[in-house]
Every structure is written in structure tokens, then in C-alpha cells.
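Here is a friendly briefing to read alongside the model. Please keep the viewer open as you go.

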Amino acid sequence: MTALVTLRNVTKSYVRGKQKVEVLHGVDLTIETGEFLALMGPSGSGKTTLLNLVAGLDQPTSGEVLVAGDRIDRLSRGSLSDWRARHIGFIFQFYNLLPVLTAEANVEVPLLLTNLSKAERRRRVQVALELVGLAERARHKPNELSGGQQQRVAIARAIVSDPTLLVCDEPTGDLDRQNAEEIMNLLQALNRSQNKTIVMVTHDPKAAEYASRELHLDKGLLTNDTRRAA
Amino acid sequence: MKYFSLVWAGLWRKKTRTVFTMISIVIAFLLFGLLQGINQGFSTALSRLDVDRLYVTARTGMTDGMPISYLPRIRNVAGVRAVSMWAYFGGYYQDARNPVPAFATDAVELMKVYKEIKIRPEYIEAMAKTRTGALIGDALAAKHGWKVGDRVPIGTSIWTNKSGSNTWEFDIVGTFDSSAYGAGFPSFYLNYSYFDEARQFGTGQVHYYIVSLQDPKQAQRVSREIDDMFANSSVETRTQTESALAQSQLKQLGDINFIANAIVGAVLFTLLFLTANTMMQSVRERTSELAVLKTLGYSDTKVLILVLTESLLLCLFAAAVGIGLAALVFESPALQTLFGNFSMPLFVASMGAGIAVFVAFVSGFPPAWRARQLNIVDALAGR
């Protein structure tokens, strides 16, 4: 296995009002290609901050962030946008679909940034929706879908451009148990059958059980790293 | 083009607000189209007027008379092809609220000056032979059902004849078609010689000399010579080209250009704030959606362009509808009669499109810039 994500001595601090708050204190981390990593920890421990750094949404205060061979801590805002479009698929807690677009139009949004033809974009959207089991709801708008279905559309959007890394921020946080299990099964299937590397922030120990590796953060420091046998 | 569905969908996120904003823009551009169209209509009508015709009036005002003795002197100025004259009759038919634009003239000379009037030669001859004769425009004849041979009583609030009456009787000896000169061209002519003999006062006076030139390039020189000829006389003259005269008459109604521009300016200024407010609200409501787009790899500049395009689409679409409606209004029979075969000038449509782009840019830029500057982490966290 090769390292897809490497963090070296990463710190991150924010200025809130007049106060400087250090959220991450010298984190070192390696995530291998094909891993399904669950990031756990109490609120304020720095999980989402770490996820944002790995996903290229934010820049570290110090340290190195190497993802898919790129030192993303050195990239400009514009370059980071391009980089995210090529390498990262996002899944949010509240789905964050565009309410005015149909499911298929939502899934197509990342592909608009590519040079693919309209026919090829449509084909890929169709494949992604079939993969998440929602091909027959392609023409429905988000408000016509259940929470679980909306999260499936969000997953289809995340995988449609075949990203290097899937990052999920509490993907089951807004779902009931049954829908949460379905979503976790889907993510696990993507990890196992498609060899997708997944980094997931969760509070839910049951959701974390689907991951191949569990990492705990507390007060900005990694405290516990557990790997599970497949 | 592939982003069109994204932009269009964003525009209709709040349908009611977008519809109301669009209606406001449509009305503003309808008003713009109508006012600027009318403005251009007057300009077009003025440009159609001949430059080889000069109008001589008293310097003190168009309603002050000039001696008829000026006629042969003007005719003798080098470069003058023909001269006719008009004296106001100020007529009405049966009721003062039913005006008849009547002028006393020398019909033979008048037809030489207004070459595009269509009239049968026998009518001009009949007019010369009939002292109480009248030549009337086709439209006026159709309006009152008058025909050649009819005797019509025309009242005037200015002139009393020597029998002490304000109602004069005329024999219609011919009709003519003056559509080439638009609907405003006088449509009732009586013989000046008869009028001058029969009126109780103001004899020997006319209000206009209409001078036809051999060469339009001589207009300035001939005008100057005529005015110089009567300088320091009891009635000094002002000689203008037809379009200059029409412009000065329009000025009496007020500066139409200024009024049109002032109204349109005020409306568009208000529109700027309305559209800016709509766009600003729209972007504020979509903070997290725009952050998601950025998360998915849309660059800051791309997001700025998407928001600006939305503003552009809103303004251009509504402006096109507004100007299109104005163009339809100009096809109405009433305006066609006023301006004579007039359509919305392409210039006005282009100017409208330019203003729509300006409004879109100015009102869309602040929210677009705000969207551009959006920090993903803060926006997703709802900060």
C-alpha cells in the first residue's frame, strides 16, 4: 500500500475575535490508498479542521500536507480549486444539494468543470446514480427525496468525477438508523469494490465500525489509532 | 453554455421575487423604449424634412405677420427656385373643438415648393380660377365626407370677413395627397388673394414665406442674404431650414430629449438599486450553496462570473421583453400616423441592451464580489 495522504507536524490556529485558538497541535498522519478512515473525537477536538486540511478546503498554519503527491499547503486558492475538482469527492452531513436542480443535474455539477461532452457527462451521471441505487429518481428535485435518498445523490455527486479521495463530514449525522446503515454500507462497498480511499468524520461509533481504521482526536492531538481486519 | 442550467436555476430559486423584479425591469425598459423611441421618431421625422426648403418668419415670432411685399424681393435672391407663402387662417368646422388646419396661400407656387404633394393638375388650375376655392387633403376629405364641388363653411377665431362674419364659405375644387410630409402637414388651403381682400384687418400680411432652393448647399448663404435684406426694416426676418424650424417648434413643447432622458435616467437609477437588492438577497440566501460549488472545485473567479451572468440574464431577458413590447406599441396605427411608417430604431434597441448590461454589471458586481470572497470553511460552518 502507498501513502495517499501525509501530514507532517501540522498545526492550525484560528483568530476568533481577539483570541488566537490553536485547534491542531503538530499532527503527524499517514493515510494509505484504499483505506477507510473514521476520525472520531469529542466536539472541538479538531476533526473537521483536520478533514478540511486533507480536503484542501483550508491551509495549515504550519507543517506539510501532502495529498496524492501534491504539497497542497503550498497551493494558491485558485490552484487548490482545480486540485479539489480533480482529487476530492465531498459528502456533507446535510447533503448540501442545490435545491433548484434535479438529482441528475446535481450530480452533473462537478462534471461541468471538465471538458467532457454533454453525452459523456450524462452517461457518467447515469452510472453514478445507478451505483447509489437512485437511477429511477434522476428527475426528482431534492425536496422530493427522503434524507437517505438525498445523501445517496450527494454520494453520487462525490464519486461521479472518480476522485482520488472521498471525504465525509458526519455523513449519517442527519439520518435515522436504517438510512444511516444503508449509507454506511454504500460507502463501505465503494471502499471495498472500487478501492476508494475514504476519510470520514463521525461521532457515531456504529458508523465508525464500517471503517477499516479508527483514529481518535482529542484537543488537537491524535490519541488512538486502531486498524481493523477486513 | 454548459453552465446555463446552473445559472438559470439559480435565477429562479425564489420565483416570486424574480418575477416581480423582472416585471419592474420590463416596465422600466418599456418606458425607456417608448420615450427613446418617440425621441428618435421626432429625430427621424425631422431628418426626413427637406434641406432645400427655407422658412422665412418674422424675427419677433412665428405668429407675427410680414408684409406681402417681401415676396418678389425674396424671389429675386440668387439661388431661389420658387417662393410661396402661408397666412394662418386658424379654421374650425362647425365647432371650435373641431379644428381644420387652414392656410391662405398661392397654390400654384405652393405645389412648386412642395414637390411631393400628389395633386391632379386640373385641381391646381381650378384653384387659380376660383376665388373662393379650397384644396383639401385626402384625409381631411375622408374625415368630413367632403368632395369636390362641396361648399363648406369654415369658422375662424381670428379673422372677420367684410360681411362681418367669422364663418367663411369655400368651394372645394380639389383634393391632394401630402402623406410624404407626414400627418402634421396643413390640409386645407384657400386663396391668399381672396382671403386678403375679404378680411377686415391685417391685410397685406403673411406669416411664412416658404422658399425652395435650386441647390441645398446654398441654404446658409440664401438664408443670410434674405435676413440681411430685411435687417433694420420694420419687420426683420428669421430664415431657417425646414428641420431647424420644426426643431424650434418642438422646443416650444419643451425639450423632449431632455424630458425623455430625465425620466429614463430616474427609472434606471431606481432599477439599479432594485436589481442590486434582489441579487444581494439572492446571494446572501445561497451562501452555503456557493460554498458547496467552491468545495467541488469551482474557482473564486468562476463563482463571480456565475453570479454576474445571473444578473446579466435577469436584466437582458427582462429588457428584451420590455423593448420588444415598446416595439410592438410603435406598430400601432396611431403612432404610425404620427411618425409615418416608423419602427423602433435599432439604435434604441442596442442602447437598451447596453443599459441592461450596465445595470446588470453594476447591480451584480457587489454580490458577485461577495460570492467570490466567500471563505468555504466559514460559509459551511454558517459563520
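The notes below cover confidence, chain A and its sheet, the interface, and chain B.

This is a predicted model, in which local features need pLDDT of at least 70, side-chain atom pairs count only at pLDDT 80 or more, and totals for chains, interfaces and linings use all residues. Residues are numbered from 1 along each chain as its sequence is written, while chains are lettered from A and ligands numbered from 1 in the order in which they are written.

**Confidence**
- The predictor assigns the complex an ipTM of 0.92 and a pTM of 0.69.
- Chain B has a mean pLDDT of 87, with 92% of its residues at 70 or more; pLDDT is the predictor's confidence in each residue, from 0 to 100.

**Chain A overall**
- Chain A holds seven helices and 10 strands, where helices (H or I, at least four residues) and strands (E, at least two) are DSSP runs numbered from the N terminus.
- Of its 230 residues, 50% count as buried; buried means that 20 or more other C-beta atoms, placed from the backbone, lie within 10 Å of the residue's own.
- Among contacts in chain A with a separation of 6 or more, 69% join residues 24 or more positions apart; a contact means that C-beta atoms, placed from the backbone, lie within 7 Å.

**The six-stranded sheet of chain A**
- An open sheet of mixed pairing is formed by six strands of chain A in the order 6-7-8-3-9-10; strands pair if DSSP finds at least two bridges between them.
- Strand 6 (88-91) and strand 10 (221-227) of chain A are at the edges with a single partner strand each, so one side of each has no neighbour in the sheet.
- On average, neighbouring strands of this sheet are turned by 20 degrees against each other, direction ignored.
- Strand 7 (165-169) and strand 8 (197-201) of chain A are parallel partners joined by five bridges, and A:Val167 sits opposite A:Val199 of strand 8.
- Helix 5 (147-159) of chain A lies across strands 6 and 7, at about 170 degrees to strand 6; axes are lines fitted to C-alpha atoms, for helices over the stretch in contact, and angles run from 0 to 180 degrees between N-to-C directions.

**Strand 3 of chain A**
- Why is strand 3 (36-40) of chain A largely enclosed by the rest of the structure? Five of its five residues are buried, so the strand is largely enclosed.
- In a regular strand the side chains alternate between the two faces of the sheet.
- Here A:Phe36, A:Ala38 and A:Met40 are buried on one side, and A:Leu37 and A:Leu39 are buried on the other.
- Strand 3 of chain A runs parallel to strand 8 of chain A, joined by four bridges, with A:Leu39 opposite A:Val201.
- Four bridges also pair strand 3 of chain A with strand 9 (213-218) of chain A in the parallel sense, and A:Ala38 has A:Glu214 as its bridge partner there.

**The interface**
- The contact draws 20 residues from chain B and 19 residues from chain A.
- On the chain B side, the elements giving two or more residues are helix 1 (4-11), helix 11 (287-295) and helix 15 (376-380) of chain B.
- Helix 11 of chain B supplies the largest share of that side, five residues.

**Chain B in the record**
- An unreviewed UniProt entry lists "transmembrane region" for residues 20-38, 258-276, 303-330 and 342-365 of chain B; such annotations may be inferred rather than shown by experiment.
- In the model, residues 20-38 of chain B are 100% helix, with end C-alpha atoms 27 Å apart.
- Residues 258-276 of chain B are also 100% helix, and their end C-alpha atoms lie 27 Å apart.

Methods. Contact = placed C-beta atoms within 7 Å. Buried ≥ 20, exposed ≤ 12 C-beta atoms within 10 Å, placed from the backbone.
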